[in-house]
Amino acid sequence: MTMEPDNHDGERLRILAPAGHPLTRRGFISLAAAGAGALMMSSTPAFAGTMNALEAAARKSLKQIGKTTKSLYLYTWGQYDNPTTFSAWKSATGIPIQIGSYDSNEALIAKLELAKGTAGYDIIVPTGGYVPEMAAKGLLMPLDKSKIPNFRNLDPSLLNFPWDRGNKYTVPKDFGTTGFIYDKTVITKKLHSWQDFVDAAALPQVAGRVSLLDAPDNVLAIALWIEGVDWNTTNAAKLRAANAYLIKKLAPYVKNLDSYPGATGGLVDGSYVLSQAWNGDARAALLKDPTRFEWVIPTPKSEIWVDNWALAKGAKNVDTAYAFLNYVLDPIVSANEMTYTGYNTAVKNVKNYLPKNLPEADVIFLTAAQRKRLESYIVNSSYNLRTQLYDNFKAAIAS
Amino acid sequence: MRGFVGLTYTWFALWFMAPAAIMLVYSFGRTAGLTQRGLVNLHHLGLGNFLQALRYPTGTVLVISIENAVLATALCGLIAYPVAYFIARKLGPRSRVIVLLLVVLPFWTDYLLRMLGWRIFLSPLGLLYGALNALGWHVTYISILDTRSAVMVGLVYNYLPLFILPLAVVLERIDSQLLQAADDLGATRWTVFRTVTFPMSMSGVVAGTVLVFVPMLGDYVTPTLMGGARGLMIGSLVASEFTEGQNWSLGAAMAILLILLLVAIVAMAWLFVTGIRLVAFRLRSRALAREWAT
């Protein structure tokens, strides 16, 4: 928890929870740390200022939409929003937000599909690549952007992705990238590419201390990018060949499949010295020991993922949901979210509302040059095969 | 009383047999939709899921799971026997109750919590690390978690009470006059144990083995929490077909195959025990017949 010295920009958030914030993309939070953080925050005048700004944004959003229902149901990833975003909304509008949580897009889809529009959720948070499938299954409601004036605050380069042309269904919530992080005290050679990653894994001082994301698409991508194959290919032979490459070159050296090697401490305590990671999680390790680790967005290609707000088919509180979406697209709210999740939002100029000396900021904010070689995975008909290949890869690690 | 028994059967049929039957039906279905996943389509029934379930990696993972379960069961037996012997033969009635209570005491805490407790204890810079360093045994970090050894620790820890309890009951029931008689006839303590106590406790050993081995083989929580990627077992593989795979029909087929395998193992254990009894009985009657003939 660091404090920014007082400055003159009234709306700038002064509090940020960067150092060792246990939360990363989806999920992991140490309750003790979160509790301590909340305590510290609520006892500062800066906190009161932030709450006032958030409440003003909530009131403004509600006023714009006019009459609404008095409830809102949100179905999202566990611990994926700043609690103050919700509490400020409730105290300003009087509308409570009921939150349900899931831990995978698959679980989200299964729940909505089984309920056939009666799940009762208004707002959901799917990852970009799952949107076409969800749209085809009729689980999403098209957005009326005239009801979200703050949509104009969004960075155009983070709109209109192939998985939702024209943002018919989704509003970007936050985004990040996939790369790897390594311990410079163990790996002295500078690493740049996915090929470097695979080669380094076999080094005697590294073997057995490698972790990969526990995500089938991200793991298979390593081989596809090395071999120059389209990440979104449905070609079974190419997918099988890529998996065979991983089983031969990577499986023997993998210690674990761990989506949070930074936040949960595997890198810091030395269990891992080379880890595939999402940028926000890698930053957690960098914040704990900035000189020891190196973060790489590898060549030739890597991932940009976007988690999105969307309206569920059958939503009962549509106007309230629009007011809420407008609220979270307000830069002050967006900055409040960033301080909690550690991921960049798609709101333009959100930087202006954050502390100026944000540590390891270059891990969060991607440059245009980096953005150029990032692509997204869209769930396609090879899903079953990919799951089966991932099972094979897991069996190879275990045996 | 009869009404109560009827209720029990209804309860069992409703909440155990019915879900199992649904699984069986699902295992012949097919997942449908854009990405060939999601809800099970029952319009085209077939054996495709079973064929896919039999292919690699099911076999590899099953072999690993059987190895783990056999080893962990053996460890459970080796630890449980002396403990059960001590409880049944060395303790007075009152202290016996107290010790048995201590054996089942961990069951009063949630299983997940106990496993997470082990994770904290064994974590690289956790309590064990602290204790070892405090005792002057310097280690850089503990690397037990997320290995097969960690799975073994979890399995033995979790199932040990289930081995101790039936064994203690059987050992307690052995008539001490028989041991006395053996002693009177000049048998050493080891001979008494080898020829009287141990053979008479075999039913407890078999009961403990089955009670421990069967749930171990299908265990999904322990390998998932303790073993990470290196501790994969068949239960985790089945679960991943239902969750991240969203391929319920394939998951159902794998579960059905696992159930069949376990039924076969239990049946073999039963045949083994009755077979031994039968042979023993035949030999004894033949010997008696010969005695009478002379």
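**Exercise 1. Judge the confidence of the model.**

Chain A has a mean pLDDT of 87, and 88% of its residues reach 70 or more. Here pLDDT is the predictor's confidence in each residue, from 0 to 100. This is a predicted model: local features need pLDDT of at least 70, side-chain atom pairs count only at pLDDT 80 or more, and totals for chains, interfaces and linings use all residues. Residues are numbered from 1 along each chain as its sequence is written, while chains are lettered from A and ligands numbered from 1 in the order in which they are written.

Task: find where chain A has pLDDT below 50, and compare the overall scores.

Solution. 
- Step 1. Residues 1-24 of chain A have pLDDT below 50. In the model this stretch has 66 contacts beyond near neighbours in sequence. Two residues are in contact if their C-beta atoms, placed from the backbone, lie within 7 Å.
- Step 2. Residues 27-41 of chain A also stay under 50. The model has 20 contacts for them beyond four places in sequence.
- Step 3. Where pLDDT is low, predicted coordinates should not be read in detail.
- Step 4. Chain B averages 88, with 97% of its residues scoring at least 70.
- Step 5. For the complex, the predictor gives an ipTM of 0.84 and a pTM of 0.86.

**Exercise 2. Outline chain A.**

Task: state how many helices and strands chain A has, and what share of its residues is buried.

Solution. 
- Step 1. Chain A holds 14 helices and 13 strands. Helices (H or I, at least four residues) and strands (E, at least two) are DSSP runs, numbered from the N terminus.
- Step 2. Of the 399 residues in chain A, 52% are buried. Buried means that 20 or more other C-beta atoms lie within 10 Å of the residue's own; exposed means 12 or fewer, and partly exposed is in between, with C-beta atoms placed from the backbone.
- Step 3. Take contacts in chain A between residues at least 6 apart in sequence: 78% join residues at least 24 apart.

**Exercise 3. Check the backbone.**

Task: examine the peptide bond between A:Thr299 and A:Pro300, then phi at A:Gln79 and at B:Asp146.

Solution. 
- Step 1. The bond joining A:Thr299 and A:Pro300 is cis, with omega about -5°. A:Pro300 sits in the loop between strand S11 (293-296) and strand S12 (302-312) of chain A.
- Step 2. A:Gln79 is not a glycine, yet its phi is positive, about 50°. Its loop runs between strand S3 (72-77) and helix H3 (83-93) of chain A. A:Gln79 is partly exposed, with 19 other C-beta atoms within 10 Å.
- Step 3. B:Asp146, also a residue other than glycine, has a positive phi near 60°. B:Asp146 lies in the loop between helix H6 (127-134) and H7 of chain B. B:Asp146 is buried, with 25 other C-beta atoms within 10 Å.

**Exercise 4. Describe a helix pair in chain B.**

Task: work out how H4(B) and H7(B) pack.

Solution. 
- Step 1. The axes of helix H4 (residues 93-104) and helix H7 (residues 148-173) of chain B come within 9 Å and cross at roughly 155°. Axes are lines fitted to C-alpha atoms, for helices over the stretch in contact, and angles run from 0 to 180 degrees between N-to-C directions.
- Step 2. H4(B) is therefore roughly antiparallel to H7(B). Angles under 35 degrees count as roughly parallel, over 145 as roughly antiparallel, 65 to 115 as roughly perpendicular and the rest as oblique.
- Step 3. H4(B) brings B:Leu100, B:Val103 and B:Val104 to the contact; H7(B) brings B:Pro161, B:Ile164, B:Leu165 and B:Ala168.

**Exercise 5. Survey the interface.**

Task: say how many residues of each chain meet, and which element of chain A gives the largest share.

Solution. 
- Step 1. 29 residues of chain A are in contact with 30 residues of chain B.
- Step 2. H14(A) gives the largest share of the chain A side, nine residues.
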